[in-house]
Amino acid sequence: MRAPSRTDSTASSTEEVFHQHIAASSTQQNAQFAERRDKMLSLIAQSRAILDDLSVSESAVDQSMIASQSIGQQGAFDSQALTQAPPPPIHQTNAVPVRAMPTAYSAHSAESRAAEGLPPLTVLGISDASDGLSTTTGDIETHVLSTKMADAKHYLDRLLVRIADTRSRVLVTGDLNGGKSTFVNALLRRQVVPDDQQPCTALFAEVVDASQNNDVEQVHGIPDASKYNRDDPFTYTPFSIDILREVVEDNEPGYEMLKVYCRDTRPNEVSVLHNGIVDVSLIDSPGLNIDSMKTTSLMAQQEEIDVIVFLVNAENHFTLSGREFLQNAGKEKAYIFIVVNRFDQIRRKDRCKREILTQIKDISPLTYNHADQLVHFVAAKYMLEKSPPAEWKDSFTCLEDNLRSFILEKRSRSKLNPAKMYLKNLLGDLSTLCTYNHTLNTFRIAEISAQLSETAPAHERMLRIKEQFLDDATRTIDETANRAHAFARDQLSNFLESVETYVEQDVEWGGILGMWTYARELRNAVYRHAAVRLRRCEDFAVKSSVGCVKNIEAMAASCMETPPVVDMAVVTTAFEDGSSEAGRAAAMSMFVPLELGDFFDFVDKVEICREYLPSLGMVLGGVLGYHGVTRGIWRGDATMVKGKTAFLGLSLAGVGLFLYSLSDMRNVVDRKVLGKIKTHLVSAGLVDANSERIAKGTRRVLRLAIWEFQNQFQRVLIDSQVKRQGLVESRTSAEMNKDEFRAIGARVGTLRKIVEDVDLD
């Protein structure tokens, strides 16, 4: 055996030092990565807590916080324009004040977005495809935002798991028939996953190193990826790699995905899959446009991916579905590894490169800025040949070196930067929502305070009406009825006291022979005047009642948009049964149920005779006496002659007295008849009974009118109190929300600054 030479010893020593240096560098990188990962995990947990604080329980949704103000997908934030915008309408609620879900922004047309000048919601915003929601109500918009926030919380939960996982998952995707499977095989330098000119891959096939399966090459058909466990054979069906093509093309068992364990026999220093540092899995995916369900599943799958390798067909460039996928992925992943395959088919390669890079600049600016490391133009099929052309071998080897560096050496950027990017976007959205909702609640507080101030005088007047008139309705009714009673008593008493002055001019004296007719007409005249006076008392009572009701109505109208309506006919027809004088005269006969002869009874006639008979006697005595004296003189009787003078004087006195009695007959009848009627009216209760009747009638109609008004007024007042209470509760809720959003906004700002300061380079 040849003894080792000095040269061999030196070479061995140099190689050993090199490997020690690599090991030390790797250890240092792993420690640095672990520190950054732990910090990122803490930031994710804090962001998740903020989302929890911004969420609202289903039982405490405050619809008053829903507004239709929108936010655009482009443009800069204009705080002055926001603070000058009119506040959204208030919807009253009687719910206990709660913290509300942040107000949603609808996705308006592109023109309105640019005009609004509001910041875009990158993660929580409504996508362009949802423009149909621009005409929906705030409820739907807020529901969409609530759904987005729930999705963000689930995403953060998955992000925590992904960051904590030490493995690196690489998603190989692209448009249909873009050479994805060929690219995976080229990385392995062997034919593993099936490829063809026609699209073959209709399943997700995750390729991992066989060392994770006890170094056994095998394929596991997995019906439910969420339940897969390599140690549990009931969660998958194993089969050989040799029949992988048949399984992929047919998939008769209906597998959800495939797990492909295979070997990469190349050294760790050049292999991506078998690198000796990090467990890497290559996920070969269906084409984006193979069908809508696969595309949707792929977009969901990328949330659990650390690195995206996007295959572009050099002949087709970026399709619409490819652009949509990359824009969606760009919300989290600032750097995307782009492979332009089949570049050997392009004649004008410089032009093709220029056009594709221009498209990349629009889709992913950071990827464009690092295009020398992240964008590669290759022909992957040649790497499966034994002796690939040097040009394509070099380009693919450069791709491999950069991909390996991106996954392994720059693991902080490839694995942690997507999380940092997502947190920045999410916290930016939350900052926008907090700022907007803080301003919105400031508007709402001012608006509610203005409404309360504006409606306060009217509400206070309603309370005064309630206190002064309605709380003690009986007192209000009694005051009006007592006024009517006092007026009626005064009017009727005055009438009885001076009844002569009312009837003397109405009845004509027809002489002694017509005194009976005169007495009857005199009685009827008293009735008519009494009926007029009663009508006046009733009119006063009606007028007082109407005035009382109208006064309350006027006060109500001064503080109510739609005051209660009172049926005034109830009041104005209170004494409708006695509306005519004839009717009142008939009513009087009820009070004095006597005929005319009842007024001139035997005593009355005796009194009249007593007044007139003396004068008649004197006249007759004088005449008879004078006749006797004359006869005595004729006979020469001296005594008779002496009495002549006496009898003559007596007869003359009797004549005078009789004539005087006849002239005073009207006064006698007036005094007797009117006295009799007055006495009877007093005893029949003209004053007391009618005063009480009018007062009772006034009370009755006022009860009907005021109580009906009171019922209507009470309902309106209750509505006003409920509305004001709702405003007060809404203002309290808005004040609480304002403080909450300000506090959460401060937390978001602090956390966002920490996230931005995390150095992953």
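1. Contact, as the word is used in this note, means heavy atoms within 4.5 Å. In that sense, and leaving aside neighbours within four places in sequence, Arg693 is in contact with Leu534, Glu538 and Phe575. The model under discussion is a predicted one.

2. Overall composition. The chain has 23 helices and nine strands. Of its 761 residues, 45% are buried. When contacts between residues at least 6 apart in sequence are taken, 82% of them join residues at least 24 apart.

3. Helices H14 and H23. Two packed helices are described by the angle between their axes and the distance between the axes. For helix H14 (residues 473-497) and helix H23 (residues 686-757), the axes come within 8 Å and cross at roughly 155°. An angle over 145 degrees counts as roughly antiparallel, and H14 is therefore roughly antiparallel to H23. The crossing of H14 with H23 is right-handed. Sorted by class, the residues of this contact are 15 nonpolar, nine polar and six charged.

4. Helices H5 and H12. How do the axes of helix H5 and helix H12 cross? The axes of H5 (residues 180-188) and H12 (residues 390-409) come within 11 Å, and the crossing is at roughly 80°. Because angles of 65 to 115 degrees count as roughly perpendicular, H5 is described as roughly perpendicular to H12. On the H5 side the contact is made by Phe183, Ala186 and Leu187, and on the H12 side by Phe396, Leu399, Glu400 and Leu403. By class, six of these residues are nonpolar, none is polar and one is charged.

5. Arg693 in helix H23. The residue named in the opening point lies in helix H23. Arg693 has a relative accessibility of 34% and so counts as partly exposed. Its C-alpha atom is separated by 8.5 Å from that of His485, although Arg693 and His485 are 208 residues apart along the chain.

6. Gln712 in helix H23. Gln712 is also found in helix H23. Is Gln712 buried or exposed? Gln712 is buried, since its relative accessible area is 17% and the cut-off for buried is under 20%. Gln712 and Val565 are 147 residues apart in sequence, and their C-alpha atoms are 8.1 Å apart in space.

7. Val549 in helix H16. Val549 has its place in helix H16 (residues 515-557), and with 3% relative accessibility Val549 counts as buried. Which residues does Val549 touch, not counting residues up to four places away in sequence? They are Val566, Met568, Val571, Leu702 and Ala705. A further pairing is that of Val549 with Ile706: the two are 157 residues apart in sequence and 6.9 Å apart in space, C-alpha to C-alpha.

8. Asn417 in helix H13. Asn417 lies in helix H13 (residues 411-470). The relative accessibility of Asn417 is 12%, so Asn417 counts as buried. With residues up to four places away in sequence not counted, Asn417 touches Glu332, Ala334, Tyr335, Ser412 and Leu760.

9. Positive phi values. Most residues other than glycine have a negative phi. Asn214 has a phi near 60°, which is a positive value in a residue other than glycine. Asn214 is found in the loop between strand S2 (204-209) and strand S3 (218-222), and at 60% relative accessibility Asn214 counts as exposed. The phi of His317 is near 60° and is likewise positive in a residue other than glycine. His317 lies in the loop between strand S7 (307-313) and helix H8 (320-329). With a relative accessible area of 14%, His317 is buried.

10. How many disulfides does a search of the whole structure find? The search finds zero. A disulfide is a covalent bond between the sulfur atoms of two cysteines. Cys262 has a relative accessible area of 0% and is therefore buried, whereas Cys398 is partly exposed, with a relative accessible area of 35%.

Definitions and conventions: Residues numbered from 1 in each chain as written. Predicted model: local features only at pLDDT ≥ 70, side-chain atom pairs only at ≥ 80, totals over all residues. Heavy atoms only, no water. Disulfide = S-S within 2.5 Å. Buried < 20%, exposed > 50% of the residue type's maximum accessible area, 1.4 Å probe, protein only. Axes fitted to C-alpha atoms, helices over the stretch in contact; angles between N-to-C directions. Helix = DSSP H or I, 4+ residues; strand = E, 2+ residues; numbered from the N terminus. Parallel < 35°, antiparallel > 145°, perpendicular 65-115°, else oblique. Left-handed = near helix turned anticlockwise from the far one by under 90°. Nonpolar A, V, L, I, M, F, W, Y, C, P; charged D, E, K, R; others polar.
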